[in-house]
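Let's take a friendly walk through a protein model together. Please have the sequence and the 3D view open as you read.

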Amino acid sequence: MLHSDQTNADSLLLLVAGAKGAVASTLAVALAAMRRDPASVLPSLTTGHMFADSGLLQVTWLAGWDTSAERYTAAIKRHGVLPDAIWQPHAEELDQTPVINAPDSATDFKEQVDQLSRDINEFKSRHQGARAVFIDLLPAASHQDLNACQDLSQLFAEADVSNLPDLAYTLAAIKSGVPVVNFTPNPVEIPAVLDEAVKIGLPIVGRDGKTGQTYLKVVLASALKARNLLVDGWYSLNILGNADGANLMDPDRAAEKLRNKTSLLDDILEYEVGRQYGAPTHKVHIDYYPPRGDAKEAWDAIDFTGLFGLPMSIRLNLLGRDSILAAPLVLDLARWAVALQMAGRSGPIPELSFYFKKPVGDSPPLTFQDQVTSLAKLERECQELIKLNFSKLNL
Ligand SMILES: NC(=O)c1ccc[n+]([C@@H]2O[C@H](COP(=O)([O-])OP(=O)(O)OC[C@H]3O[C@@H](n4cnc5c(N)ncnc54)[C@H](O)[C@@H]3O)[C@@H](O)[C@H]2O)c1
């Protein structure tokens, strides 16, 4: 069994903000299981078969920050995502997960970046040789529009990081040469941040993981579009009882997520759903419903028309599990981020729109077919570039 302070050149180190949350703690259990038996987790990934020649990366560690001081296994138990029998065999290892206190929210923005950069260097020094990726799994935050900030000094002056701590983590990661995965709906990919990532040569992939209802929406919308069946209206409801659901009851914090879940339908279909009614008929609601915990349920009622405008309808009912759907995608994205860094890609990666509700970057593929095709192409390009960069290094 490998221990976290051992040197292992081909390993991956996930540095997670929100490391004791529902998604992160589910991921930590998956990583512990994978270190013992890769076959218990790899088949559930979309990247399980990829990057084999690049040495990527079955031994993966998790470290990070949280505001909660509870034991790691207490957090796992509290979230109630996994039956005890799944995590208990790894309990001792899980309780050694290095999670340190998040910076005090009242600390000056720049000081937070410096402190987090020191933390990152400390984490990296405990995992000599591992490839690090920063993963943002913080709660959804209220919206701040910082797109007009020209550079970092303006950003430091204008951003309110007590409400958007993601920015301090993201900048610390970039400053430390660590690629970024933004799984949250929080819009950190503003020009001043993207410029820094490009300057240093780091990919920054996001935003807002596409895990359940929205994933199926892209599939169905693409299928209806391919048949020239016209969508007349699409009503989507979600109930969930985890901390993410409770947080999203605050309208300011839910706004970005609802925008992300809503805007993509018209983009895929290339018309405004509801235009004949003079107002959008694509509606998305999220309701906090404690009895369900992490076992999220989603309903969709989809009205569409065919030949001679005759109406038809679909009902979709997803009985999902929020963190079980999300955790493997986070690991996939970490593997992609490292492969892209090794291939020399930097800035936003719109080709990864398969994974995101709000893909950042120019002209992301929108339909399901295009997203799957784009992933396969990106994998081929990465493999070729990694090989090329590797052979240049060995000349
Ligand atoms: N589960 C999904 O399917 C899914 C899909 C898309 C996006 N997301 C997003 O992923 C994120 C994580 O989801 P989750 O269900 O794990 O949420 P969660 O609320 O369970 O976890 C968030 C964690 O962040 C910690 N935290 C709060 N402020 C912090 C700070 N300043 N520094 C460090 N840690 C801090 C909290 O203590 C908590 O442990 C959310 O933004 C959610 O919207 C989840």
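Helices (H or I, at least four residues) and strands (E, at least two) are DSSP runs, numbered from the N terminus. What you see is a predicted model, in which local features need pLDDT of at least 70, side-chain atom pairs count only at pLDDT 80 or more, and totals for chains, interfaces and linings use all residues. Residues are numbered from 1 along each chain as its sequence is written.

Begin with the overall plan. The protein is assigned domain 1 (12-209 + 324-393) and domain 2 (213-319); such bounds come from an automatic or database domain assignment. Between the C-alpha centres of domain 1 and domain 2 there are 27 Å. Where the two meet, 19 residues of domain 1 are in contact with 23 residues of domain 2, contact being C-beta atoms, placed from the backbone, within 7 Å. On the side of domain 1 that touches domain 2, nine residues are nonpolar, seven polar and three charged. In this count Ala, Val, Leu, Ile, Met, Phe, Trp, Tyr, Cys and Pro are nonpolar, Asp, Glu, Lys and Arg are charged, and the others, Gly among them, are polar.

Now look for the ligand. Which residues come nearest to the ligand? Of the 30 residues around it, they are Gly-18, Gly-21, Val-23, Ala-102 and Ala-243; a residue is near a molecule if its C-beta atom, placed from the backbone, lies within 6 Å of it. Helix H1 (22-36), strand E2 (60-66), helix H10 (243-247) and helix H12 (322-342) are the elements that give two or more residues to this shell. H12 supplies the largest share, four residues. By type, the shell has 16 nonpolar, nine polar and five charged residues. Each of domain 1 and domain 2 contributes at least three residues to the shell.

Next, follow H1 itself. From first C-alpha to last, its 15 residues reach 22 Å, close to the 21 Å expected at 1.5 Å a residue; the expected span of a helix is 1.5 Å times one less than its number of residues. H1 is mostly covered, with 12 of its 15 residues buried. A residue is buried if 20 or more other C-beta atoms lie within 10 Å of its own, exposed if 12 or fewer, and partly exposed in between, with C-beta atoms placed from the backbone. Among the buried residues of H1 are Ala-22, Val-23 and Arg-35.

Finally, visit some backbone details. Most residues other than glycine have a negative phi, and most peptide bonds are trans. Gly-206 and Arg-207, however, are joined by a cis peptide bond, with omega about 15°. Asp-208 has a positive phi of about 70° although it is not a glycine, and it lies in the loop between strand E6 (204-206) and H9. Is Asp-208 buried or exposed? Asp-208 counts as buried because it has 24 C-beta neighbours inside 10 Å. Ser-363, in the loop between H12 and H13, has a positive phi near 45°. With 9 other C-beta atoms within 10 Å, Ser-363 is exposed.
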